Amino acid sequence: MPELPEVETALRGLRPHLVGTRVLALVVRERRLRYPIPLAAEAAVAGHRIRDVRRRAKYLLFELEQGTLLLHLGMSGSLRLVSARIPPTRHDHLDLVLDSGLCLRLRDPRRFGALLWTDAPAEAHPLLRDLGCEPLTAGFDGRYLYRLATGRRIAVKPYIMDSRIVVGVGNIYASEALHLAGIHPSRAAGRISERRYQRLAGAIRQVLRDAIQQGGTSLRDFVQEDGEPGYFRQSLRVYGRQGQPCRGCGGVLRGQRIGQRSSVYCPRCQR
DNA sequence: CCGGACGCCTGTCGGC
DNA sequence: TGCCGACAGGCGTCCG
């Protein structure tokens, strides 16, 4: 379930429970995630305090007294804070055991997630180095999107899903933002005006903010059981609604594959 | 450099 | 009911 809003929600929920606690151990039960968890990770983190937890793109960064853990949830990863006594179940691949009696447990059935450790500044890590703008910070606006799109023939949907351009916009939010902005998902990125990119940038921010807000209400307690999101289901405009009526004009929403990802849009409202 | 395809995994769902 | 293919919220890599 992890898109930027969920990672952000996870961050906000977890942070107060993590910052200042000491890592007693990293327990790895399944090392084969997207990248094998480095053998050095366990030894590197044990005994160190968590100074801070931050988010960059969809990565959670656990800054320890020594080095940083980079955690990515992939397609199916989820985090829970549980008592260290609770036995792990299937797909609970690792625990970060804390001196508070809790442990941070990663479950990831598809194993597209990742846990890496670096001693260097996290931003310099190869996986973070080339990332584009954070959509919710200054610097991300229509002009930025417009400039980087110059001459590009890629469809706008995969363009805004490209993390070298802007991070955190996954398949759902790309679809939603394009509908909100009235832009056809397969329109060439380089053939959109700066003015329309302003609308798009605003739509991306709005959609992400709304989702964070709603995610916040359904995922508020990470010490509890799971907290399945299920959040925006109700407020989705197009995603997963192929064949159903557009909430704007009442017309039938159309589905199409763009760049190997399913896309839904309104042929009337989106041009 | 760019755009598009591929593959990594497991779980679920719809159709037959 | 059971089987099978399609598909799933990501993303790095490879190829032309």
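Asp-92 stands opposite Arg-107 in strand 7. Here strands are DSSP runs of E with at least two residues, helices are runs of H or I with at least four residues, and both are numbered from the N terminus. The model is predicted: local features need pLDDT of at least 70, side-chain atom pairs count only at pLDDT 80 or more, and totals for chains, interfaces and linings use all residues. Residues are numbered from 1 along each chain as its sequence is written, chains are lettered from A and ligands numbered from 1 in the order in which they are written, and side-chain values use heavy atoms, with hydrogens and water left out.

Strand 6 and strand 7 (residues 102–107) pair in the antiparallel sense over five bridges. Two strands count as paired if DSSP finds at least two bridges between them. Both strands belong to an open sheet of four strands, with the order 1-6-7-5 and antiparallel pairing. Strand 1 and strand 5 (78–83) are the edge strands, each pairing on one side only. On average, neighbouring strands of this sheet are turned by 20° against each other, direction ignored. For such angles, axes are lines fitted to C-alpha atoms, for helices over the stretch in contact, and values run from 0 to 180 degrees between N-to-C directions. Strands of a sheet pair through backbone hydrogen bonds, either parallel or antiparallel.

The whole structure contains 14 salt bridges. The criterion is a side-chain nitrogen of Lys or Arg within 4 Å of a carboxyl oxygen of Asp or Glu. One of them joins Asp-95 to Arg-29, with the closest N and O atoms 2.9 Å apart. This pair links distant parts of the chain, 66 residues apart: Asp-95 lies in strand 6 (residues 92–98), and Arg-29 in the loop between strand 1 (23–28) and helix 2 (40–45). Asp-95 has a relative accessibility of 5% and counts as buried. Arg-29 is partly exposed, at 36%. Buried means under 20% relative accessible area, exposed over 50%, and partly exposed in between, with a 1.4 Å probe and protein chains only.

Glu-123 and Arg-54 form another salt bridge, with 3.2 Å between the closest N and O atoms. Again distant parts of the chain are linked, 69 residues apart: Glu-123 is in the loop between strand 8 (114–118) and helix 3 (126–129), Arg-54 in strand 2 (residues 50–56). Glu-123 is partly exposed at 38% relative accessibility. Arg-54 is also partly exposed, at 25%.

Arg-55 and Glu-134 meet through their side chains in a salt bridge of 2.9 Å, N to O. Arg-55 is in strand 2, whereas Glu-134 is in the loop between helix 3 and helix 4 (142–148), 79 residues apart. Arg-55 counts as buried, with 17% relative accessibility. Glu-134 is buried too, with a relative accessible area of 13%. Both residues belong to a salt-bridge network that also includes Glu-8, Arg-12 and Arg-56.

The protein also lies against DNA. A residue is near a strand if one of its heavy atoms lies within 4 Å of it. Residues around DNA strand B include Arg-34, Arg-90, His-91, Phe-112, Arg-152, Ile-154 and Gln-260. The surface near DNA strand B has three nonpolar, two polar and six charged residues. In this scheme Ala, Val, Leu, Ile, Met, Phe, Trp, Tyr, Cys and Pro are nonpolar, Asp, Glu, Lys and Arg are charged, and the others, Gly among them, are polar. Of the atoms of DNA strand B within 4 Å of the protein, 61% belong to sugar or phosphate and the rest to bases.

A polar backbone atom of Arg-153 is 2.8 Å from a phosphate oxygen of DNA strand B. For Pro-109, a backbone N or O atom is 3.4 Å from a sugar or linking oxygen of DNA strand B.

DNA strand C has 21 residues around it, of which Glu-6, Lys-58, His-72, Tyr-239 and Ser-262 come nearest. Sugar and phosphate make up 62% of the atoms of DNA strand C that come within 4 Å of the protein. A polar side-chain atom of Tyr-239 is 2.7 Å from a phosphate oxygen of DNA strand C. In the side chain of Asn-171, an N or O atom lies 3.2 Å from a phosphate oxygen of DNA strand C. Arg-34 places a polar side-chain atom 2.9 Å from a sugar or linking oxygen of DNA strand C. Helix 6 (171–181) and strand 10 (261–265) are the elements that give two or more residues to the surface near DNA strand C. By class, this surface has nine nonpolar, five polar and seven charged residues.

Notes
Polar contact = N/O pair within 3.5 Å; in protein donor to acceptor, adjacent residues only side chain to side chain.
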